[in-house]
Amino acid sequence: MLQLIANGVIIGSVIALGAIGLTLAYSILRFANFAHGEYLTWGAYLAWTALLGFVAVMGPMTPIEPFSFGWPLLLSLVLAAVVTAGLALALDALLFRRLRRRGSAITLIMASFGAALVLRNMLQFTYGAVPEYYSREIQVAIRLVPRDVLGGLRVTPDQLLVLGLTVVLVIALHLFLTRTTLGKAMRATSLNPQLASVTGIDVDRVIRATWIIGAVLAAVAGVFSGLTVQLRPQLGFDLLLPLFAAAILGGIGSVYGAVAGGLIVGLAESLSVPLVGAEYRAATAFVVLIAILLVRPTGLFGEKA
Amino acid sequence: MSALSIEALEAGYEPGLPIVRGASLTVEPNEIVAVLGPNGAGKSTLIKAVAGLVPVTAGRVLLQGRDITGRPAHRLVHEGLGFVPQTENVFVNLSIEDNLDLAASIVRAPKKQRLAELYALFPDLARQRRLLAGRLSGGQRQMLAVARALVGAPKVLMLDEPSAGLSPKLVGLVFEKLLEVRRTGVTILLVEQNVKAALAIADRAAVLVEGVERIVGRAGDLANDPRVADLYLGHNGRVA
């Protein structure tokens, strides 16, 4: 039982980080970006490339005890986040910005679906379809709770790090949105873009900030997923539906909703494994989603339209 | 030097379909000028084009002699042009205080001092500063919208139909407040459907028809000008 909850929270934190970007882009740009999952995949693979580069230059790395990886992976994560942000900005400049000027919301959604296919196939073309790992080190899980208490609990240090960093990032984002001028400008733009611009807010700058934050968090989520599971070209695509479920369940447009939604979806997936089997766990996220939307159509933290 | 000078402005949402078709108008420092005209005359488009919200295809706009044609809306705020949209002109999910506070952070105004000045000008807002803007009555919401636009201490304040949706009594209150705002040294350009109320506070007015100013004159003269009534009755200013 405890083990399932812990697993759910770890999956949930990856989903939450991914869902924040999705919900932010929706709140500012008013469209559901189906290419967002690919930012996770690209972030994960870019970090892997950077890691190979570091290893090639500096020789094999020694892991930082007790983790399975060394400093190069953390540096690679930073590099991957920067390049993924660049990728998101480039996609906006090439595609979304042009369509925003004259297209409708559905045009943008279909375009993002197409962009997702292109990004995924480019990645598979570059890296191949064989799963990869950041580290082949075998990590011994730490027993936190003995087996006779609620089934016991074992987690790897990597998993604990993922959780800890997720908490840090969510708090940092909260402070950014509530304390900084750019953060306040983002909130104002999500409430009313035209009023924001006549209040003196550069909406284009806000849009760039939105893509950067969303892509950075997506890259981190991708690396976390690669670290705790493995790297596959479908990594982001497989997470896309849970990301949407989390964002919608939390109330689309709400950052806190995305975090709560991510945890709920992660827990629902994990807890349903003994009940319905691992094959059907993805469906349970949607059962929970439908149940919550029936009671609260705007989602947990959603504002009334 | 005029506070605001609009020269042969052409503007519209779609390329090749101008709604404002060569309109010209000057507003002198500390004047109140009203833009009047029948529905669909292009009044709102004119003011939005000046505010940087509608693309300008020809002509010029000068703010205190500086060419500001086609600058994006957010930059104009920093250059001393305030704009109050007709609808959705306050952040309804934020309190009165947060609305003003946000505007002050964006324009980097000396926050405490500027907000104190505005609360002195709008005592009704000061009394309930924690109230959500979405819960304000129409009149108070309009006051907040004006206060929000004034945070950056604009030289010229433009308002798009400030009387829209207000009872006659509230229109009177809002327009009296505009006279007070003018006394603080602000030049005002407003677009109005409510001819009587607008002419009561304006120094001068222009009647816009089909995107061009047809009659420009002193407010008192226009109030008694039979041509103004004609334009409103749908003759479109064409002599049959």
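Me: What share of the contacts in chain A with a separation of 6 or more comes from residues 24 or more positions apart?
Reply: This is a predicted model, where local features need pLDDT of at least 70, side-chain atom pairs count only at pLDDT 80 or more, and totals for chains, interfaces and linings use all residues. Residues are numbered from 1 along each chain as its sequence is written, while chains are lettered from A and ligands numbered from 1 in the order in which they are written. Two residues are in contact if their C-beta atoms, placed from the backbone, lie within 7 Å. For contacts in chain A with a separation of 6 or more, the share from residues 24 or more positions apart is 75%.

Me: How many helices and strands does chain A have?
Reply: Helices are DSSP runs of H or I with at least four residues, strands are runs of E with at least two, and both are numbered from the N terminus. Along the sequence, chain A reads α-α-α-α-β-β-α-α-α-α-α-α-α. The count is 11 helices and two strands.

Me: How do α2(A) and α9(A) lie to each other?
Reply: Helix α2 (residues 36-58) and helix α9 (residues 235-250) of chain A have axes (lines fitted to C-alpha atoms over the stretch in contact, with angles from 0 to 180 degrees between N-to-C directions) that come within 7 Å and cross at roughly 140°. Among the residues making the contact are A:Tyr39 and A:Ala44 of α2(A) and A:Phe237 and A:Leu243 of α9(A). Angles under 35 degrees count as roughly parallel, over 145 as roughly antiparallel, 65 to 115 as roughly perpendicular and the rest as oblique. So α2(A) and α9(A) are oblique.

Me: And how are α3(B) and α6(B) arranged?
Reply: Helix α3 (residues 96-107) and helix α6 (residues 138-150) of chain B have axes that come within 9 Å, crossing at roughly 20°. That makes the pair roughly parallel. The contact between them is made by B:Ile96, B:Asn99, B:Leu100 and B:Ala103 of α3(B), along with B:Leu144, B:Ala147 and B:Arg148 of α6(B). In short, the arrangement is roughly parallel.

Me: Which helix gives the most to the side of chain B that touches chain A?
Reply: Here 19 residues of chain B are in contact with 16 residues of chain A. On that side of chain B, α2 (73-78) and α3 each supply at least two residues. The most, five residues, come from α3(B).
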